[in-house]
Amino acid sequence: MLTIVVFGGLGLVLLVTACIVADIVAGVRRRSDGVEKTAGRVTKVRGPVRGQLDSGATAECLEVTVEYYTRHGEGPFEVARMIPLAAASSYAKNDRVIVSYDIRAPRRARIAGKVSHWPTIGPRSAVPQA
């Protein structure tokens, strides 16, 4: 009889602990904004062209196309952006850029900016390269 009470109490403690942990994990997932960042490579630069910027204004701009992979190895995907000529940083083919994408729909992405220190481009390989 005592054994049944002890095991029942232990089981109840484990059940309550599991519910608390599940609630915490669910809260962390809810707070995530669903956006990840990854590295991409400029594949095409076209311009100067007369086009419409993200804000809706018409201006002389460069059309920059970037190829990227998600952090989970999906891809390659492409994203394009019109950048005004007056922007301080100019883009060239094979430049590295940061791409922000929606986790649920990785094809909806935007170019976040240029970098020179991003460690890898594309999916991570399972075998370390020497």
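Student: Which residues have the most contacts inside the largest nonpolar core?
Tutor: They are V64, V66, Y91, V97 and I111, in a core of 13 residues. A nonpolar core is a set of buried Ala, Val, Leu, Ile, Met, Phe, Trp, Tyr and Cys residues joined through side-chain atoms within 4.5 Å. Buried means under 20% relative accessible area, exposed over 50%, partly exposed in between, with a 1.4 Å probe and protein chains only.

Student: Before I go on, where do the numbers come from?
Tutor: This is a predicted model: local features need pLDDT of at least 70, side-chain atom pairs count only at pLDDT 80 or more, and totals for chains, interfaces and linings use all residues. Residues are numbered from 1 along each chain as its sequence is written, and side-chain values use heavy atoms, leaving out hydrogens and water.

Student: Which elements give two or more residues to that core?
Tutor: β2 (58–68), β3 (77–84) and β4 (96–102). β2 gives the most, with 4 residues. Helices (H or I, at least four residues) and strands (E, at least two) are DSSP runs, numbered from the N terminus.

Student: And what is Y91 in contact with?
Tutor: Leaving aside neighbours within four places in sequence, Y91 touches V42, V45, V64, I83, V97, I111, G113 and K114. Contact means heavy atoms within 4.5 Å.

Student: What does the second core include?
Tutor: That separate core has 5 residues, including V49, L53, A59 and C61.

Student: Switching topic. What pattern does the chain follow?
Tutor: Along the sequence it reads α-β-β-β-β-β, with 1 helix and 5 strands.

Student: How many bridges join β1 to β2?
Tutor: 10, and the two strands run antiparallel. β1 covers residues 35–52. Strands pair if DSSP finds at least two bridges between them.

Student: How do β2 and β3 run?
Tutor: Antiparallel, with 8 bridges joining them. V66 has V79 in β3 as its bridge partner.

Student: Now L12. Is it buried or exposed?
Tutor: Exposed, because its relative accessible area is 53%. L12 sits in helix α1 (residues 2–31).

Student: How much of the chain is buried?
Tutor: Buried residues make up 27% of the 130 residues.
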